[in-house]
Amino acid sequence: MTDVAKTHANSTLQDRLVLGLVKFFRAEWSGAFLAILILGIAIELATSGRPFFHPSNLMTILNNSAAIGIVAGGMTLVIITAGIDLSVGSVMGMTAALTGYVASFWGFPPYLAIMTGLGIGLAIGAFNGSLVAYFGMPAFIVTLAGLSIWRGTGHLSTGAQATPKLPDTFDMFGRYNPFAGLRNAYKEGELSGFWESVGGFVDDNWINFFRTFQMSMLIFIGFFIVLTIIISNTRYGRWVYAIGSNEPGARQAGINTPRYTLLTYMFCSFSAALGALLFLGRAPYAKSDYGQMWELDAIAAVVIGGTSLFGGRGSLWGTFMGVILLKLINNGLTLAQLDTFWQMVVTGLIILVAVGLDIVRQSKNPESVRKLLGAIAAVMAFLALMTPGAIYLRAKIALLEHGAATTLREAGTSLAAGQNARLLSPDEITQFQSAALANLGATLLLLVLVLATAFVVLKASRLISFGLAAVFIAMILPVSLMGYEITVPFLVLGAAALLGSAYVHALFAKARRLDVNAR
Amino acid sequence: MPSFGCTAISGRKKTVKMKMTFAGVAVAALLAGSAASAQDVIGYITKSATNAGWMMINQGAADAAAEEGVNLVSVGPAFQGDLSSQLEVFENLVAQGAAAIAVAPVDSAGIAPAVNDAMSAGIPVVAVDTGVAGADVTSFVATDNYAVAKVQGAVAATLVEDGQAIIYVTGNQAQSTGQERRNGFVEAFSAARPNSEILEVPTEWNSQEAQEGVEAILNSRQDIAMVANAWDGGTMGAKAALENLGFGAGDVKLVGFDGAGDAIAAMDDGWVHANTAQMLYQMGYQGIKAAAAAARGEDVSPRIDTGFFLVTPMTSGTYKEMVGIE
């Protein structure tokens with residue numbers, strides 16, 4: 001009696017939040033989604049005055065994700081069956097080239113050219129799929145061979161030459177804007193009454209919103225909605241998962257596994273061909289070297305989206321998020337004008353973080369989550385450290401390089417131009433020396449913080465977590481006084497992560513209890 | 001006498017066969033095909049067989065080889081930027097005893113050890129388009145990218161007013177070609193327009209990256225006056241980005257580098273306002289000429305500058321006539 005009363009009394013907002021959190025983390029796409037959110041906020045903070053979370057920018061990301069996204073959608077199904085298709089990039093390049101080629105040089109009407117492209121995709125899929133399903137060849141090998149064969153065929157059949165600009169029909173797969181006609185009619189003054197006000201609204205918000213509302217994005221989203229409905233509501237969808245989790249078992253249960261495997265590979269190559277059409281809709285011309293390395297991008301998107309490379313587990317929306325994350329990285333880092341070489345490093349790190357989140361999520365272990373939050377706090381402390389630390393290290397390294405280059409010169413080695421650049425003028429030497437000295441204090445202070453936080457990762461104690469969170473907050477004042485206000489967001493986020501880590505065990509316990517009650 | 005000649009030939013064929021079993025690369029097949037001595041084989045390791053600009057360079061190389069009467073063994077990498085396959089081909093050519101090697105390195109420093117090996121084995125090496133860092137070559141045949149990029153930057157500066165923001169699409173910043181073009185452009189442009197902001201779109205010579213980056217920036221800023229590019233693949237990518245966002249020809253000015261056919265066509269349509277054309281055909285042609293001369297033991301100039309041509313709407317007719325574009 002008291003228990004029941006308690007449950008009812010406690011069925012508060014807090015409980016619903018906890019249950020919502022549990023539900024969110026059960027979804028396969030939550031890791032990628034979180035990564036998108038965190039990265040988006042980081043980029044928004046880094047790009048002052050250049051709005052990142054702006055509808056037109058978000059739609060640009062969707063537009064540019066469309067072609068590779070559809071390729072990755074087909075790849076998801078193949079990977080769920082525990083297969084792999086390494087040939088998608090080459091198939092995409094070859095169908096793009098051939099579709100454009102027959103449209104411009106053989107005088108095929110656009111619709112026939114499009115059918116040809118999609119037909120080629122299906123045929124290649126049938127070839128790959130039959131070898132895998134009926135001849136028992138490993139998918140990795142068959143499609144690795146395909147990677148080379150179809151790229152070569154594409155180059156051979158079109159002479160690796162670009163076509164002239166394609167007919168406007170192809171824009172329907174890409175840059176065509178459903179509102180463009182309305183806007184033009186409004187500008188010509190052909191509208192009246194209700195439509196005139198709609199046209200005016202579109203024209204007023206053209207740059208801010210409607211300009212980037214294009215077919216690429218619509219097809220991309222539509223494709224994933226339709227595919228999700230098919231996969232979750234048809235026998236084919238269930239068989240795909242069954243084949244991936246236990247192929248012999250599926251066969252014994254009476255599933256015609258070779259047939260469904262074949263179908264999946266056909267669908268994957270078909271998606272690659274459809275992706276080619278979407279790409280042509282935004283590209284300057286058709287060419288056989290399109291889609292290089294797309295197989296890796298597609299696989300990365302699928303894996304980031306929480307789909308297991310061993311098959312049987314995964315979701316299309318995860319892939320959707322994965323593709324967006326990859327494109328978002330490029331878009332955001334370009335807008336933030338980050339140095340090229342840093343972009344490469346950061347891209348890899350973000351992928352690691354997304355997959356790391358997914359692994360922790362799957363572990364369902366409060367201790368791993370606590371460690372993750374601790375690690376996040378440590379990373380935040382490290383980022384704060386690097387603000388003065390980078391200046392200090394840069395100065396120290398420059399001085400060391402100067403020393404080494406001088407020694408080499410004295411030893412009589414002739415240095416190349418790039419190596420001579422390491423020599424410093426006397427002015428620069430004093431500059432670097434004072435920079436190193438000025439940043440030493442803050443660097444040491446924050447270094448201690450990083451080490452202390454790293455210790456928390458290893459040792460679970462609510463008291464230490466609380467204490468350290470307080471230190472993070474307390475650090476804000478002295479560091480700001482030293483002129484590093486820029487580190488404040490890192491310190492606040494770090495404190496939040498530490499506080500969170502202190503409550504992880506309690507949260508898990510509560511969620512388990514609520515879950516039991518819910519049942 | 002005739003019978004003697006016959007045995008000599010069959011004997012040679014046997015050795016060729018042996019080589020094939022051991023080396024097993026395309027080079028060997030080509031050697032066997034010609035059944036000629038390795039003495040007049042010139043290896044030509046290109047950077048790309050599919051890029052429009054590189055196809056012009058390769059054409060020049062092929063024509064020079066036909067003129068010189070040498071057997072040109074052209075090998076391209078499996079994909080653009082594949083250093084390991086270039087190194088492998090290079091070593092095979094050295095092992096086969098090619099008379100000279102012309103190479104367009106995908107990585108200036110990465111190719112250096114192989115170049116050193118060849119040079120110390122007495123095989124002349126001619127670098128085409130991209131230099132070699134950390135090893136001496138017999139001759140370096142290329143546009144002076146830095147000097148031409150400075151011209152590009154100076155001309156680009158005349159197309160915008162001081163204070164207007166522009167986009168610069170870079171090439172691969174891990175290669176000397178990409179670095180020199182970027183540095184030359186930025187230095188000359190900033191000198192003439194010190195208050196203009198230059199937003200960079202990094203690429204690895206990939207027009208898709210160029211398109212997406214330009215689209216992203218154009219979307220977030222309304223004040224971009226011009227997009228300058230490190231190569232014409234970028235120019236075409238930037239043009240596609242402009243078209244995707246509904247811009248018309250001339251709304252945002254384009255400046256190219258290379259003088260590729262499609263960029264010149266875009267200039268005639270009013271999209272591109274200036275293009276510093278490399279003499280691409282000349283680069284391949286003079287590269288192989290130099291390699292052939294070095295193979296015969298003649299002296300070759302260590303640096304052959306193939307020059308450039310500034311293409312503007314005014315001079316595009318002359319340029320098209322010169323390189324044979326319709």
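In this predicted model, helix H11 of chain B, residues 280-295, comprises 16 residues and spans 23 Å from its first C-alpha to its last, close to the 22 Å expected at 1.5 Å a residue. The helix is mostly covered, with 15 of its 16 residues buried; a residue counts as buried here if 20 or more other C-beta atoms lie within 10 Å of its own. Just after H11(B), the backbone at Gly297(B) adopts a positive phi of about 90°.

Chain B is divided into domain 1, which is made up of residues 36-143 and 281-306, and domain 2, which covers residues 145-278. The centres of the two domains of chain B, taken over C-alpha atoms, are separated by 30 Å. Across the boundary, 13 residues of domain 1 of chain B are in contact with 15 residues of domain 2 of chain B. On the domain 1 side of this contact, eight residues are polar, three are nonpolar and two are charged.

Attention may now turn to the strands of chain B. Six of them form an open sheet with parallel pairing, in the order S2-S1-S3-S4-S5-S11 (chain B). Its edges are strand S2 (71-75) and strand S11 (303-305) of chain B, each of which pairs on one side only. From one strand to the next, the twist averages 20°.

Within this sheet, the pairing of two strands can be followed at the level of residues. Strand S4 of chain B, residues 125-128, and strand S5 of chain B, residues 139-142, are joined in the parallel sense over three bridges. Val126(B) has Ser139(B) in S5(B) as its bridge partner. Elsewhere, helix H3 of chain B, residues 52-68, lies across strand S1 (41-45) and strand S2 of chain B, and runs at about 160° to S2(B).

Definitions and conventions: Residues numbered from 1 in each chain as written. Chains lettered and ligands numbered in written order. Predicted model: local features only at pLDDT ≥ 70, side-chain atom pairs only at ≥ 80, totals over all residues. Pairing = 2+ DSSP bridges. Helix = DSSP H or I, 4+ residues; strand = E, 2+ residues; numbered from the N terminus. Axes fitted to C-alpha atoms, helices over the stretch in contact; angles between N-to-C directions. Contact = placed C-beta atoms within 7 Å. Expected span 1.5 Å × (residues − 1). Buried ≥ 20, exposed ≤ 12 C-beta atoms within 10 Å, placed from the backbone. Domains from an automatic or database assignment. Nonpolar A, V, L, I, M, F, W, Y, C, P; charged D, E, K, R; others polar.
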